[in-house]
Amino acid sequence: MTFHPKMPYETGLHQSHRSLPDQGAPFALTPERRAKLEAIASHYPAERRRSALLPALYLVQQQQGYVSAAAMRHVAELIGCTPAEVEDVVSYYAMFYTRPVGRYVIQVCRTLSCALLGAERVTEAIAAKLGVGVGETDPTGTFTLLEVECLGACDRGPVVMVNDAWHELQSPETAAQLVDQLREKGEVVLSGCQWGSRQSIVRKVDSPSR
């Protein structure tokens, strides 16, 4: 007697049906980015050149905004591994995109600390402001809205990351204002960790005058 269900192995239902992404348009790193990759790869022994895979993928995404199948094959050739190995890394890490995204990728942390502090309402406010759902890009191609797992600032949630800039202690109101500021002023409003900026202001206010 067994409590395990019978697996229909004879039907082939257990087999993986993984399919590779479409090839897409031809891709090659620009000479400047190729030089950066070679400089990074030079820090590793020749037989460990594939250790430069993550930097190579970042360079790809900087260049075209996402990592296409053609780019994966290009990277595989450059660092000496298989396209499947590159795709394994791209599909594992949430920071790599396999389809076009907006100029500003807005990521709202949905993990417990941020969730308890109202991250869901922050997402709703941004979605309403942009007129899109989670995982979608606005019609202008400017904004993409995503929900992600922990962004590493659990004590300062809810956290919103725009491209590589953190914006902590967000509320529905401040998140909506951030979208407006991005539309009006562009990347200049992405000043990095907003907590650090606030703390420096507090220190200036609280410090005794000389």
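Tutor: Start with α2 and α3, which are oblique to each other. This is a predicted model, so every value here is computed from predicted coordinates. Two packed helices are described by the angle between their axes and the distance between the axes. Take the angle: α2, residues 53-64, and α3, residues 69-79, pack at about 140 degrees. Now the distance: the axes of α2 and α3 are 10 Å apart. Why is the pair called oblique? Angles over 145 degrees count as roughly antiparallel, and those from 65 to 115 as roughly perpendicular, with the rest oblique. The angle of about 140 degrees therefore makes α2 and α3 oblique. The crossing also has a hand: α2 passes α3 in a right-handed crossing.

Next, find the residues that touch. On α2, pick out Leu53, Ala56, Leu57, Val60 and Gln64. On α3, their partners are Ala71, Val75 and Ile79. Sort this contact by class and you get 7 nonpolar residues, 1 polar and no charged.

Stay on α2 for one more residue. Gln63 sits in this helix too. Setting aside neighbours within four places in sequence, Gln63 is in contact with Phe27, Ala28, Leu29, Thr30 and Arg33. Look at Arg33 in that list. Gln63 and Arg33 are 30 residues apart along the chain, yet their C-alpha atoms are separated by 8.4 Å.

Now try another pair of helices. The axes of α6, residues 119-130, and α7 come within 8 Å. They cross at roughly 35 degrees. From α6, the contact takes Arg121, Val122, Ala125, Ile126, Lys129 and Leu130. From α7, it takes Pro172, Ala175, Ala176, Val179, Asp180 and Arg183. By class, the contact of α6 with α7 holds 8 nonpolar residues, no polar ones and 4 charged.

Follow the chain out of α7. Val189 is in the loop between α7, residues 172-185, and α8, residues 194-206. Val189 is buried, because its relative accessible area is 13%, and the cut-off for buried is under 20%. What does Val189 touch, beyond its neighbours within four places in sequence? The contacts are His167, Leu178, Gln181 and Leu182.

Some loops deserve a look at the backbone. Most residues other than glycine have a negative phi, and most peptide bonds are trans. Pro158 lies in the loop between β2, residues 143-148, and β3, residues 160-162. The peptide bond from Gly157 to Pro158 is cis, with omega near -5 degrees. Move on to Asn163, in the loop between β3 and β4, residues 165-167. Phi of Asn163 is positive, near 55 degrees, and this residue is not a glycine. Asn163 is partly exposed, at 24% relative accessibility. Leu169 comes in the loop between β4 and α7. Leu169 is not a glycine either, but its phi is positive, at about 55 degrees. At 30% relative accessibility, Leu169 is partly exposed.

How many disulfides does the structure hold? It holds 0. The cysteine sulfur closest to that of Cys150 is in Cys154, 3.6 Å away, which is too far for a bond. A disulfide needs the two sulfurs within 2.5 Å. Both residues are partly exposed: Cys150 has 41% relative accessibility, and Cys154 has a relative accessible area of 39%.

Finally, step back to the whole chain. The protein has 8 helices and 4 strands. Along the sequence, they follow the pattern α-α-α-α-β-α-α-β-β-β-α-α. Of its 210 residues, 36% count as buried. Take the contacts between residues at least 6 apart in sequence: 66% of them join residues at least 24 apart.

Definitions and conventions: Residues numbered from 1 in each chain as written. Predicted model: local features only at pLDDT ≥ 70, side-chain atom pairs only at ≥ 80, totals over all residues. Heavy atoms only, no water. Buried < 20%, exposed > 50% of the residue type's maximum accessible area, 1.4 Å probe, protein only. Axes fitted to C-alpha atoms, helices over the stretch in contact; angles between N-to-C directions. Helix = DSSP H or I, 4+ residues; strand = E, 2+ residues; numbered from the N terminus. Parallel < 35°, antiparallel > 145°, perpendicular 65-115°, else oblique. Left-handed = near helix turned anticlockwise from the far one by under 90°. Contact = heavy atoms within 4.5 Å. Nonpolar A, V, L, I, M, F, W, Y, C, P; charged D, E, K, R; others polar.
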